[in-house]
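Hi,

Here is the structure I promised to pass on. Have a look at it first, and my notes follow below.

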Amino acid sequence: MEAKENVLLDIKDLHIWYRVYGGYLKVLNGVNLILREGERVGLVGEAGCGKTTTMKSILQILPPGDFLIPKGEIYYKGKDILKMNSSEIQRLRSREIAMIFQDPTAALNPVFTVGTQIGDVIKYSIALEEKKVHKEKIKILSVKALKEVSLPDPERMLVNYPFQLSGGMRQRVCIAMAISSNRNLLIADEPGTSLDVTIQDQILRLLKEIVEKKGTSIILITHSLGVAREMTDRIYVMYAGTIVETALTKDLFRNPVHPYTKGLLASVPKLSGGGIAKGIPGRIPDYLNPPQGCRFQPRCQHATCSCAENPPQLFEVEKGHLVACYLAQR
Ligand SMILES: Nc1ncnc2c1ncn2[C@@H]1O[C@H](COP(=O)(O)OP(=O)(O)OP(=O)(O)O)[C@@H](O)[C@H]1O
């Protein structure tokens, strides 16, 4: 294992269940994830494997009353978020961590101008430090943030409503809001996937430039290992609520070990011929009654009896490269 210096976020053995008719969906099943200061981490996995649930739990924005956290800790700068009081959580959201959602239209309020929305974010962040917040200061910082995301004519942009902007512009506004008060951690949940691929590409490039320039840490949620390869230093591969493999990005592509990671890699479409990319047969398990042992075992062609009995723990196969699979331990 690597040394624990400069750790910004440390998620330990996180379990999250959703209350539904007939019981609990046991979605997160012991998530472990570490992010160091300035690191760019990718959280990759199929739809429904629990990526967004993990990230929303960091900001404490899961639907109230709908979920249970039977076990786990989320340390941010050494303090457990799950034990923070409401003013500490408020500070975390206003000063430390921002989330960028995949659908900018849903993320913005249609009845307020861009200036009001970005101004509010800046106002709350300043108000935590200073007694009086001057309107002029808010305007200067709003224009600065809009300039940083390369929006044309930022002064005029302030008086626009979201419906007056294109999807790409709205996504840029959301990024401007996220970076406007110099947060330490950005969580980007598939930014731009609701837009066309060229715009998505521009948004990802912009995010990459911003985090490199500011040295901000980022967790990028994505379905695509290809996107994660371009954008991150380390990747966590998630399957059905568990981290099944993590390594530095270059090591994961050089030496993928978990059968699920290999399946995801084989699913990446190739432009250089070789036919249609193979998917992974089967589907994510029913979270009401998930399998006892390894959650991937029903879809795994290498599964043995022990895989069905006990879930494998993360095992270090090379420095900083951990895999939760009995195959890796042989
Ligand atoms: N409020 C909720 N109540 C009940 N089940 C939920 C709730 N939110 C999410 N789920 C379920 O939890 C599971 C994980 O969902 P989550 O959105 O975290 O996955 P994801 O990996 O982010 O998927 P996607 O890539 O599609 O966003 C899914 O089966 C989803 O239906």
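Let me start with the ligand: 15 residues surround it, with Tyr18, Ala47, Lys51, Thr52 and Thr53 the closest (a residue counts as near if its C-beta atom, placed from the backbone, lies within 6 Å of the molecule). Elements giving two or more residues to this shell are β1 (7-20), β2 (23-36) and α1 (51-59), and α1 provides the largest share, three residues. Helices (H or I, at least four residues) and strands (E, at least two) are DSSP runs, numbered from the N terminus.

Please keep in mind that this is a predicted model: local features need pLDDT of at least 70, side-chain atom pairs count only at pLDDT 80 or more, and totals for chains, interfaces and linings use all residues. Residues are numbered from 1 along each chain as its sequence is written.

Next, helix α7 (residues 167-179). Its 13 residues reach 19 Å from first C-alpha to last, close to the 18 Å expected (1.5 Å times one less than the number of residues). Of these 13 residues, 11 are buried, meaning that 20 or more other C-beta atoms lie within 10 Å of their own, again placed from the backbone. Among them are Met169, Cys174 and Ala176.

Finally, the largest nonpolar core has 80 residues, and Ala176, Leu186, Ile187, Ile219 and Val237 have the most contacts inside it. α7 gives the largest share of this core, eight residues. Such a core is a set of buried Ala, Val, Leu, Ile, Met, Phe, Trp, Tyr and Cys residues joined through C-beta atoms within 7 Å.

Best wishes

Technical notes. Buried ≥ 20, exposed ≤ 12 C-beta atoms within 10 Å, placed from the backbone.
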